[in-house]
Amino acid sequence: QVQLVESGGGSVQPGGSLSVSCTVSGSTVSRYTMNWYRQAPGKERELVASITTLGFGTNFADSVKGRFTISRDNVKNTVYLQMNSLKPEDTAVYYCNARAVSMTTKLEYWGQGTQVTVSS
């Protein structure tokens, strides 16, 4: 059974930094493109950042470009999201997502989410 477990997050003042991580068990993380999504109250879940299987490619939502970085350690089966210069509008539950798509198969798994609150 594949499980994704997020850790980190919490509360920080505007302009501060936080890091969240996602550890995968039950499978090898190198199989998956890894994504971080977030969902704020009353809003739809949105894609924040993605990283390809070997970590050579990353993509970010316009709203976080230049402030967030995503990285992965395939040996530790873990993906990280470093969030800097945080703004109140970054407040949301952050979800880790693992996705592997081929011609015949789609595998997708979600973590339980971790709360990030940016407030003075």
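This is a predicted model: local features need pLDDT of at least 70, side-chain atom pairs count only at pLDDT 80 or more; totals for chains, interfaces and linings use all residues.
Strands here are DSSP runs of at least two E residues, numbered from the N terminus.

Is Arg38 buried or exposed? Buried means under 20% relative accessible area, and Arg38 has 5%, so Arg38 counts as buried.

A polar contact of 2.6 Å links it to the side chain of Glu46, and another, of 3.4 Å, links the side chains of Arg38 and Ser63. If you set aside the neighbours within four places in sequence, Arg38 is in contact with a whole list of residues, including Glu44, Arg45, Val48, Val64 and Phe68. Further along the chain, Glu89, Asp90, Ala92, Val93 and Tyr94 are also among the contacts of Arg38.

## The disulfide

How many disulfides does a search of the whole structure find? There is one. It joins Cys22 to Cys96, with an S to S distance of 2.1 Å. The two cysteines come from distant parts of the chain, 74 residues apart: Cys22 sits in strand β3 (residues 18-25) and Cys96 in strand β9 (residues 92-101). In general, a disulfide is a covalent bond between the sulfur atoms of two cysteines.

The torsion about the S-S bond of Cys22 and Cys96 is about -80°, so this disulfide is left-handed. As for accessibility, Cys22 has a relative accessible area of 0%, so Cys22 is buried. Cys96 counts as buried too, because its relative accessibility is 0%.

Now for the partners of β3. Strand β1 (residues 3-8) pairs with β3 in the antiparallel sense over six bridges. Along that pairing, Gln3 stands opposite Ser25, and Val5 stands opposite Thr23. Strand β8 (residues 78-83) also runs antiparallel to β3, and six bridges join the two. Here Ser21 is the residue opposite Tyr80 in β8. As background, strands of a sheet pair through backbone hydrogen bonds, either parallel or antiparallel.

Technical notes
Residues are numbered from 1 along each chain as its sequence is written. Side-chain values use heavy atoms; hydrogens and water are left out. A disulfide is a pair of cysteine sulfur atoms within 2.5 Å. Helices (H or I, at least four residues) and strands (E, at least two) are DSSP runs, numbered from the N terminus. Buried means under 20% relative accessible area, exposed over 50%, partly exposed in between (1.4 Å probe, protein chains only). Two strands pair if DSSP finds at least two bridges between them. A polar contact is a pair of N or O atoms within 3.5 Å; within protein, one must be able to donate a hydrogen and the other to accept it, and residues adjacent in sequence count only if both atoms are side-chain atoms. Contact means heavy atoms within 4.5 Å.
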